[in-house]
Amino acid sequence: MSLFSRTPHIQPTLAGRLSNPTSRRRKRVVGNWKMYGNLALCRQAVPLLAEIATADVDLVLCPPAPYLGEVAQLAHGSHLQYCSQNVAELADGARTGEWSAHMLADLGCHYAIVGHSERRLHHHENDVLIAAKAKACVQAGITPIVCIGENWVQRQTGQTEAVLQYQLGTLLESGAWQGAIIAYEPVWAIGTGIAATPEEAQAAHRFIREQIAAHGVAAAAAITLLYGGSVNADNAAALFAMPDIDGGLVGGASLDTGAFLRIYAAAQAADTAIHPAVVAGALQYPGQSR
């Protein structure tokens with residue numbers, strides 16, 4: 001049976017504990033520029049993002065590696081955080097072209113993306129390596145954003161749950177999940193403009209949280225789960241309103257500063273600590289008058 005047509009089988013008592021409002025999770029919006037952008041975009045976008053970022057909802061930027069130092073300087077003193085798009089599994093070594101989690105920590109980096117589907121595809125990263133990278137991040141004080149998700153064929157043939165369970169397995173066994181963020185990114189939605197519906201995304205997020213609950217219900221209720229895959233300013237609010245979606249890992253839309261800020265505003269509005277009317281009145285985007 002497809003994940004998206006199944007009836008949730010989680011026990012009512014467990015469902016209540018996973019949805020416990022006393023363990024409210026932080027909302028996060030993470031922008032992944034991938035191998036796009038340039039120095040001029042950094043200098044245009046980062047000051048605007050730094051001005052808007054607040055302490056209540058995390059705003060995170062993942063520029064290409066050559067620009068991390070520039071972003072760090074431009075974001076200094078603000079609530080804007082920054083993230084590496086990759087990291088090595090080793091603390092050091094003869095690994096030309098790689099960098100360690102400790103090096104990222106030296107730069108003041110807070111996060112590193114691990115296991116993105118593009119790394120799995122083009123660099124043949126497997127779940128064992130991904131879990132090792134996540135563990136290296138946690139040991140260095142970096143939060144790994146671990147990406148999992150099914151492709152189109154797997155979704156159409158009802159394999160979504162099996163794929164998510166398999167991809168989570170090694171991470172859960174390693175223990176590194178306890179310091180991680182999990183990003184559900186259905187491969188068929190990445191860069192295609194076809195996002196999962198809020199209900200489809202919620203079903204996947206709930207399944208992921210159920211799997212984690214087998215290793216600790218309180219931890220499962222507290223862990224941050226992000227949705228990624230054609231998130232934009234039009235669909236962000238509906239996605240972020242789902243109870244198990246704690247924010248987004250945003251690709252192409254993060255390169256448009258105005259659109260990215262609107263996605264961030266949707267996360268702020270979804271955060272239970274901030275009233276939407278306050279958010280709407282507080283933010284002003286490029287080209288928008290009050």
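1. Tryptophan 152 has a relative accessible area of 45% and is therefore partly exposed, a term for values between the limits for buried (under 20% relative accessible area) and exposed (over 50%), with a 1.4 Å probe and protein chains only. Tryptophan 188, at a relative accessible area of 9%, is buried. The model is predicted, and local features need pLDDT of at least 70, side-chain atom pairs count only at pLDDT 80 or more, and totals for chains, interfaces and linings use all residues. Residues are numbered from 1 along each chain as its sequence is written, and side-chain values use heavy atoms, with hydrogens and water left out.

2. How many aromatic pairs does the count come to? There are two aromatic pairs, where rings of Phe, Tyr and Trp (its six-membered ring) pair if their centres lie within 6.5 Å, and planes under 30 degrees apart count as stacked, over 60 as edge-to-face and the rest as tilted. One of them joins tryptophan 152 and tryptophan 188, edge-to-face, at 5.7 Å centre to centre and with 70 degrees between the planes. This pair links distant parts of the chain, 36 residues apart: tryptophan 152 belongs to helix α7 (residues 152-156), and tryptophan 188 to the loop between β6 (181-184) and α9 (198-213). Helices (H or I, at least four residues) and strands (E, at least two) are DSSP runs, numbered from the N terminus.

3. The rings of tyrosine 184 and tyrosine 227 are tilted, because their planes stand at 50 degrees, with the centres 6.2 Å apart. Tyrosine 184 is in strand β6 and tyrosine 227 in strand β7 (residues 225-228), so this pair ties together parts 43 residues apart in sequence. Both tyrosine 184 and tyrosine 227 are buried.

4. Tryptophan 188 also has arginine 155 over its face, at 4.5 Å from the ring centre. A charge sits over a ring if NZ of Lys or CZ of Arg is within 6 Å of the ring centre and within 35 degrees of the ring normal.

5. Which residues lie nearest the centre of the largest pocket? They are Met35, Gln85, Asn86, Arg119 and His123, out of 18 lining residues. The volume of the largest pocket is about 470 Å³. Helix α5 (residues 117-122) gives the largest share of this lining, three residues. On a 1 Å grid over the protein atoms alone, a pocket is an open set of points with protein on both sides within 12 Å along at least five of seven lines, a cavity is a set where a 1.4 Å probe fits but cannot get out, and lining residues have an atom within 4 Å of a point.

6. One cavity of 30 Å³ or more is counted. The largest cavity has a volume of about 40 Å³, a volume being the space filled by probe spheres set on the points, which are joined across faces, edges and corners. Its lining includes Gly115, Arg120, Cys147 and Glu185. The elements giving two or more residues to this lining are α5 and β5 (143-148).

7. Glutamate 89 sits in the loop between β3 (80-84) and α4 (101-106). With a relative accessible area of 23%, glutamate 89 is partly exposed. Leucine 129 is 40 residues away from glutamate 89 in sequence, but the C-alpha to C-alpha distance is 7.2 Å. Beyond its neighbours within four places in sequence, glutamate 89 is in contact (heavy atoms within 4.5 Å) with residues including Arg95, Leu129 and Lys133.
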